[in-house]
Each structure stands twice: as structure tokens, then as C-alpha cells.
Amino acid sequence: MSEHVERMAGSKPHKGRQLALEIVTFLLFVLFMMPFIIVVFNSMRTNQDIINQPVGLPTNLGQFWTNIKDIWNNPTFNFLTALRDSVIITVLSLAIISIFSSMAAWVLVRNKTRWSNFLFMAYVAAMVIPFQVVMFPLLTWFKAVGDFIHIPMLRSYQGMIFAYLGFGEAMSIFIFHGFIKGVPLELEEAADIDGCSRAGTFFRIVLPLLQPVFVTVLVLNGLWIWNDYLLPLLVLGSSGDIRTIPLAVQGFNGAYVKQWHLIMSSTLLAMLPIIILYLFAQKYIVQGMVDGSIK
Amino acid sequence: MKSMTRRKLTEFLFLFPTLFAFVMVIIIPFILGIYYSFTDWQGTGAVSKMVGLDNYKAIFQEPGFLHSFLVTLLFTVLNIITVNVVAFIISLLVTSEIRGRNLYRAGFFIPNLIGGIVLGLVWQFIFSNILPSIGQSLGIAGLSKSLISNKDTVMITMVIVNTWQYAGYIMLIYVASIQGISKSVLEAAEVDGAKYWTRITRIQIPLMANAFTISLFLTLTNSFKMYDVNVALTNGGPVTMFMMKPVQASELLALNIYQTAFKYNNMAQGQAKAVIFFIVLTIFSIIQVSWNKSKEVEA
């Protein structure tokens, strides 16, 4: 019925308009993709070529492999180590943020005391605190804590990951909290009667139900952590042993000023991992971003 | 009774990791930060004396900070408008009946996957090499020199890059909202003879009030806190005159705060700026959300 109405009132007389919309959308899309096209094309050219004629097509495809080989083996950029460090930091941070935040959110939902209410409100309030207001004291404080426990908190994986837990958990708890509120209590009560422990109830009954929210939490935190620049710059330093991809790109850019063929190749390598991931997990990434912002 | 204690213990252990990280990473540094802003803190743990409001008095007399403040406000306002207008237009396009709309939806989001440092570098190349070259060969005077090295146009480049990066994300929110509008409402309006434009302004936009609240909030905080694109694209430059002093034309607040502490080694004043930054951002967010919420009720 509704399709019938649509056909009667909508589509037919609007063929011309639809074509116009298609052309406008296509042109806009090409414009949006232009920076990526520029990166790919200029990764295939020599620096001399780029400087002589900035707008131009690559003439020698072999140059692409020369540039990629140069940037791949470049000791300043050191792509493979940066990729490794980015993966280690992102994966471990995501693991502890999602597990610990879901555990906390579950207790906060099921335990209706004045304390749990207060704690939840504190997490919500903390979401408005911008990173800038805590970043300088955080460095002094992490240094002091590291000296005290004899485990370095600066320039170390553990310090970086712990910091991401602190900055990522408030929003994650908030998202889990909203979802768990809608999970019926009956399942948990049944498990309780069957003699399941509290922890067992969470890990066996509740956790599997949280799968869709896990996607949201992983996507929102994952994109942020993978692309973050300022927090790693402060905690890891610009010349430390551990360097994420954004730190490596910026460090390389500072050392090879105006070597555009190499800079373009470095940005191409830096973009590839996340774009490849997007090709496979596009549905989840889009869903996660939308759910995360609407909640 | 024993099981009750065990239950309490489990719940405590479940809360502990996040609570511990929260106190260590947010609460303690936040309190220390407020405290340091009233001292002559040098970045180490030791504080030699309290200076009262001296840091705050100093930063409000500093042309560089005041200029950053104004530029950040300008950037935020322009960016909120351009990001949301572009995102809304794209969202209308990709929810119309056009072919390949799902592909476009996924495609327009791609810039948002890439970090600001990488994007900033790519656009630096575009603004300082590609566009001047096009401008020179076509004889367009306004484009023949780099827009980044001109103090009057540098903020436009910041807005262009951020709009390009962020519009695809905001588009997703609008698309989700448009898809939530019941088809029958729009069809009824169409049968009643409402034109395309009327359907958008009178039906779609009012029904999307919630999406506008979220999008405006996200764009506001994202623009106000902008840092990485600023570093990679312009790094604050070029120099301009403000209150008869040379200042950085495109240095947004987040970058100004960072530079105060690490370039000029003035940790205490950098921290005072950060506290002001926090207060202003909080006030803006509250005003914006409550203003939008009141609109939602009317709609």
C-alpha cells in the first residue's frame, strides 16, 4: 500500500530531479575524496617532479615502490615499530576499558545505593572535563607515582594504557549503564538461585548479552586511541622509545621538511591500517559511531 | 551472612579498577591542576609559594592568549555552521532515492577515520602547493599564494579541513535521525501537496531536533578543543599584530595552552589558562544543551 502511494505521488515525476541529485552527490563525493587521490598520486612521484609541477599525474609507477621502500626503511619514521606500538596500546587499552567499564556499570546499575548513584554522577560529570585541564599535573603526578612504585608511568606501555583507562572509562561506563538498565533482572535472579556466584552471574549471564554495546564502546574508544596525538605526545614523549603512528608521522614531518614525496608516502602508510579495517568492519564502525553519539 | 560479605566483596572488586584509574588519572590531577594555577609551579612536584590570582591576572593581560581566545570563538562558530550545514545537505542527499547511497554514506565518513596529524599534513600540502599552482595557472590572484601563510585566510583553511573531516560523522547522526522519521508522515504531506522544501523545513527539521542537539554539542566541543589539525596544518602561524603586539594568527586555545607550558616554560600560567578553558567550555556546553532542549520541547 505505502509503496503504491509512493509510486503514485513520488518517484515517477521526479526522474529528472533524481538524476540531478545523483550528479551533485557524485561530484561532492569526488571533491571529498580528492585529498586521498592527491596522497596516492604524489606517493608515486619524485620530490623534484612535485615541486616543479604540484598538480600532475604520476608518470612513472616504479617511483611508487621506490618511495614506499624508502619510507618503509626510513629509521626516523620506523613504520613497523610505530604500527606495533599503536596496535599494542590500542588493543590492550580497549580490552581493559571495555571489561572494567562493563563490570563497574553492571554493579552501578544493580546496586541501588546512594554511593553508586553518587559515583555514577561523578563519572557523568567528569565527561565534561577537557584533557587540557589535567594534562600538566598528570605528568608531574605520573612521574611521582612511577618513582614511588619503581614502575615507570611515563614513556612506558603501562602508563599509557592506564591513562587511556582513566580517560576512556567515564563515557564507556555511561554507555554500558544505559544498556544494562534495559536488561531484565529475571535471568540474573535465576542464576542466583541456581547458586551461581556474583562474578559468575556477570561473566556467564550478563557479559554475553552486552555484545552490541561492546561494539559501540570498542569503536568509539578505538578510533580515538588509534588517532590520538596529544596524550601519547605527553606520556610517551616525542623522542621516546615507544611511538604511536601519529607521533611517528609528526616526528618524520619535522625531520624531513618539504620532502613531499616521502611525507605523502608516510601519510599513505599511516592511513592504510585503519582504512583496511574499515573495509572489513564498516557496518560495525558506522553502527558504533551512531549508537555512541545518540546515547 | 557469609555469602552477603562475598557478594559485597565481589561488587567492590568490580568497581575498583575503574574507580582507581578515575582517581589517579582524573581526580587527583584535576585537583592538583586547580591548586597549581594559584602557585608559581614550575612543572616539578615542588611548589615554592602561593601567588594568589597573579597567574590569572597575567594571562588576561597577555595579547597572545586573548587573541587565541577570540580566534577559538571565531573558529568554533564558523565550524559549527559549516560542519552542520554540509553534514545536513549530505545527509539529505544520501537518504534520497539516489543509486549508491549506502556506498556514499560509508565513503563520506572516511575522513573521520584518519587522525588530525595525518590529515593536517595532507591539507598543508594541498594549501601550500596544489592550490597556489592551480591559482597561478588559472590566474586567480586569491589562490596564487598559500592560504596558510596569509594571516587573513589561515583560519579559513582550519575551517575547511575540520569541516571535511567532521561532516561525515555528523552526517551519520542526521541520517540515523532521518531514517527514524516515519515514512507515512512524509507521504501524507506529499499527498497533501507539500513541496520538497516544505517537507524538509516543516516536517523533517522539527522532527530531527534531538539530532541537532547532539550534533551541535559534538561540533561545539570538538571545535573548541581542536589541537592536532592545528599543529599539523598551521602550527599557529603566521604572525599577526594584536593589541600592538605580535601574536600567532591561527593559534587556537589548546595549542596556546601547550605552548605556554612547553615553549615558554611557564607551567603555572599554562595551567591557569587550562582552568579558564575548562570553565568556558563547561558554560558553553550547558548553555547550548539547555537552549537546544528548550527548542526540542517546543517542537
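Tutor: Let's start with B:Met243, which counts as exposed because it has 11 C-beta neighbours inside 10 Å. The cut-offs here are 20 or more other C-beta atoms within 10 Å for buried, 12 or fewer for exposed and partly exposed in between, with C-beta atoms placed from the backbone. Before going on, keep in mind that this is a predicted model, where local features need pLDDT of at least 70 and side-chain atom pairs pLDDT 80 or more, while totals for chains, interfaces and linings use all residues. Residues are numbered from 1 along each chain as its sequence is written, and chains are lettered from A and ligands numbered from 1 in the order in which they are written.

B:Met243 sits in the loop between β1 and β2 of chain B, and its phi is near 50 degrees, a positive value in a residue other than glycine. Most residues other than glycine have a negative phi, and most peptide bonds are trans. β1(B) covers residues 239–242 and β2(B) covers 245–248, and they pair in the antiparallel sense over 4 bridges; pairing asks for at least two DSSP bridges.

B:Pro238 belongs to the loop between α10 (228–233) and β1 of chain B. Another positive phi, about 50 degrees, turns up at B:Asn265, again not a glycine. B:Asn265 lies in the loop between α11 (253–262) and α12 (267–298) of chain B, and it is exposed, with 11 other C-beta atoms within 10 Å.

Now for the partner chain. Chain A has 14 helices and 0 strands. Its radius of gyration is 25 Å, well over the 19 Å that the globule rule gives for 295 residues, so chain A is more spread out than a compact globule. That radius is taken over C-alpha atoms, and the rule is 2.2 Å times the number of residues to the power 0.38. The C-alpha trace of chain A spans about 75 × 75 × 35 Å along its principal axes, and 40% of its 295 residues count as buried.

How do the chains meet? The contact takes 76 residues from chain B and 71 from chain A, a contact being two C-beta atoms, placed from the backbone, within 7 Å. On the chain B side, the largest share, 18 residues, comes from helix α1 (residues 2–36). By class that side has 50 nonpolar, 17 polar and 9 charged residues. Nonpolar means Ala, Val, Leu, Ile, Met, Phe, Trp, Tyr, Cys and Pro, charged means Asp, Glu, Lys and Arg, and the others, Gly among them, are polar.

One crossing to zoom in on: α14 (residues 260–294) of chain A packs on α6 (residues 154–180) of chain B at about 75 degrees, axes 10 Å apart. That makes α14(A) roughly perpendicular to α6(B). Axes are lines fitted to C-alpha atoms, for helices over the stretch in contact, with angles from 0 to 180 degrees between N-to-C directions; under 35 is roughly parallel, over 145 roughly antiparallel, 65 to 115 roughly perpendicular and the rest oblique. Among the residues that meet there are A:Val286 and A:Met289 from α14(A), and B:Tyr169 and B:Leu172 from α6(B). This contact has 8 nonpolar, 1 polar and no charged residues.

How values were computed
Helix = DSSP H or I, 4+ residues; strand = E, 2+ residues; numbered from the N terminus.
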